[in-house]
Amino acid sequence: MPTTLGESLLAAALVGGVVSVALTPLYVSRPRSVTTVLSESWRQIGIACLVLISLAVTGVPIAPAVSTTLVSGTILALALPAWYAHCRRRDRPERVLIVGDEPTLIKSSVLSLPVSPLGFLSPVLTEQSIEMSYPGSSVPDRHSDDEQVLRTDGGLRTDAQLNRLELIAGTKRLGGLSRLERVVRERDVDTVVLAFAHGDREECFGVLRTCREQGVDALVHDSLADRVLEDEPVGDALVRVDLQPWPWYGRLTKRAFDLTFATVGLLVLAPIILLVAVAVKLDSPGPVLYNQVRTSTLGRTFTLSKFRSMVTDAESDGAELSDEDAGGVDPRVTGVGRVLRKTHLDEIPQLFSILSGEMSVVGPRPERPEIDREIEADGIDWSRRWFVKPGLTGIAQINDVTGFEPAKKLEYDLEYVRRRSLWLDLRLVAVQIWSVTVDVVDLLSERLTKDGDEESSSS
C-alpha cells in the first residue's frame with residue numbers, strides 16, 4: 001500500500017493507466033445495444049480488475065488492495081454502462097443510412113426523412129431499374145450485376161454500358177449491402193432505413209438483425225409495414241420498427257427467469273429424461289433425439305431438439321404439419337411417441353435451447369422455415385412474430401391453436417407481444433404446467449381403465 005504522496009500519485013497513475021487501457025475498446029465511436037454495452041463494459045472492467053488484483057497479489061507496493069479494487073470495480077460496472085447509454089441517447093434520427101434494392105422506395109425514403117441521409121447501400125442499380133418500376137409497385141424488376149437489360153428501343157446492352165445509379169434524390173450510393181456493418185460502425189450511424197421491394201428473410205431481415213445487434217434504430221418504408229412490428233410513423237412514408245418490444249430491464253428479468261426455469265427443470269426431470277431416452281431407443285430403431293431447423297428472432301435459424309416421437313424417415317418427403325395437430329392420427333408417430341406427445345415430454349430437450357438463449361420459456365412457437373414460407377405464401381404476415389424470442393409455451397399453446405390455424409395463431413402471438421410482462425409469463429407457465437398435469441392424469445386413467453377391462457375380459 002502506498003504511504004507517501006509520491007507513492008499515492010504513482011498508485012493513481014497505475015490504476016488510471018490499467019483502467020484506461022482496458023476500456024480503450026469502448027472509446028471507439030459505434031452504436032451499441034444496451035446488452036452489448038453491458039457485456040462489453042463488464043468484460044473490460046473485469047480485465048482491469050484482474051490485472052490490478054494480480055499486481056497486488058505479486059507484491060507490487062503501489063498496487064491498490066484487493067478489496068479496494070473489488071469495490072471500485074463494482075462501482076464502475078454500475079456507472080459506466082449508464083454513462084455510455086446516456087451519451088448514446090438520441091431523440092430523433094441524426095445520422096441516417098438507407099439500405100434497399102428498389103430505387104423508387106429509396107427516393108421516397110430520402111424525401112420522407114427529416115434529415116439528409118449519409119448515403120444509401122444497395123445492389124448495383126441502373127436507370128432501367130427506375131424505368132421498369134412504377135409508383136406503388138412492390139415487385140420491381142431486379143437485375144444481377146452480369147444480367148443483360150433491354151433498351152427501350154428493343155436493342156441490348158450489357159451491364160458495363162448501363163448508366164449505374166450512384167445518386168438518388170441527391171443521396172450518394174456508398175456501396176453494396178455487404179458493407180452494412182462496416183459503414184454503420186465507421187460513420188457512427190444511429191438510424192437505418194429499409195427500402196426493400198420484398199421483406200425477405202435473407203436481405204431485409206438480415207439488415208434488421210444487424211440493426212438490433214448494433215443498437216441502431218430501424219425505419220422501414222410503409223410498403224413493408226405489414227411485415228414488421230411497427231412503432232410510430234416518421235415523415236410521410238416511413239414507419240419506425242419496434243426491434244426490442246421489451247425494455248432492457250424486462251429482457252434481463254425474462255432471461256433470469258428463463259435460466260432459473262430451465263436449470264431447475266433439467267435437475268428435477270433428470271430421472272425422467274433417462275427413462276424417456278431408454279424408452280425411445282427400445283421402441284423403434286433410430287436416434288433418441290430428433291433435430292429440426294427452426295426460425296428464431298428476426299428470421300435467424302437454430303437447431304431445436306426433441307425426443308424422437310416419429311419413425312426415422314417421417315419427413316423424407318419434406319416438412320409437413322402433423323395430423324395430430326388437427327386432431328387426427330398421424331401414422332408416422334410411434335407408440336412411445338404418442339405418449340410423449342400426449343404428456344409433452346418430447347419437449348424436454350428444448351430446455352437446453354432455453355439455457356443457450358435461442359429460446360425463451362414463453363413466446364411464439366418456432367416454426368420450420370419451409371412451413372414459414374407456405375404460411376406467408378397464403379398472405380399471412382407471419383414474420384411479425386419473429387420480433388420476440390420463440391418460446392416453449394405461449395397464449396396460442398394454452399388455447400390449443402396449432403399451425404393448422406396460422407392466422408389465429410399469429411393473432412395470439414401478437415397479443416402476447418402487446419401484453420408482454422413477467423407476470424403474464426408466470427401465469428402462462430402455470431396454466432401450461434396444469435394442462436400437462438391433467439394430460440398425464442388422463443393418460444394414466446385411460447391406461448388403468450384399459451388394463452382393468454382387459455383383466456375383466458380375460459377372467
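**Briefing on a predicted single-chain model**

The protein chain has an average pLDDT of 81, and 80% of its residues score at least 70. The structure is a predicted model, and confidence falls in one stretch, residues 131–161, where pLDDT stays under 50 although the model still has 37 contacts there beyond four places in sequence.

**Annotated transmembrane spans**
- An unreviewed UniProt entry places the feature "transmembrane region" at residues 6–29, 41–60, 66–85 and 259–280.
- In the model, the span of residues 41–60 is 85% helix and 0% strand, with its end C-alpha atoms lying 26 Å apart.
- For residues 259–280 the corresponding figures are 95% helix and 0% strand, and the end C-alpha atoms of that span are 27 Å apart.

**Cysteines**
- The structure holds 0 disulfides, and Cys 204 is accordingly in none, the nearest cysteine sulfur being that of Cys 211 at 9.7 Å.
- Cys 211 is likewise in no disulfide, and its nearest cysteine sulfur is that of Cys 204, 9.7 Å away.

**Thr 295 and its surroundings**
- Thr 295 lies in strand β11, which covers residues 289–295.
- With a relative accessible area of 3%, Thr 295 counts as buried, because the cut-off for that class is under 20%.
- The side chain of Thr 295 is joined to the side chain of Arg 201 by a polar contact of 3.2 Å.
- Once neighbours within four places in sequence are left aside, Thr 295 is in contact with a set of residues that includes Arg 201, Arg 300, Thr 301 and Phe 302, and also Pro 366, Glu 367, Arg 368, Pro 369 and Asp 372, as well as Trp 386 and Pro 390.

**Pro 406 and its surroundings**
- Pro 406 is placed in helix α14, which runs over residues 406–419, and at 16% relative accessibility this proline counts as buried.
- Not counting residues up to four places away in sequence, Pro 406 touches Ile 375, Ile 380 and Trp 382.
- Pro 406 and Asp 378 are 28 residues apart in sequence, while their C-alpha atoms are 9.7 Å apart in space.

How values were computed. Residues numbered from 1 in each chain as written. Heavy atoms only, no water. Disulfide = S-S within 2.5 Å. Helix = DSSP H or I, 4+ residues; strand = E, 2+ residues; numbered from the N terminus. Buried < 20%, exposed > 50% of the residue type's maximum accessible area, 1.4 Å probe, protein only. Polar contact = N/O pair within 3.5 Å; in protein donor to acceptor, adjacent residues only side chain to side chain. Contact = heavy atoms within 4.5 Å. pLDDT = per-residue confidence, 0-100. UniProt positions renumbered as here; feature names shortened; annotations may be inferred.
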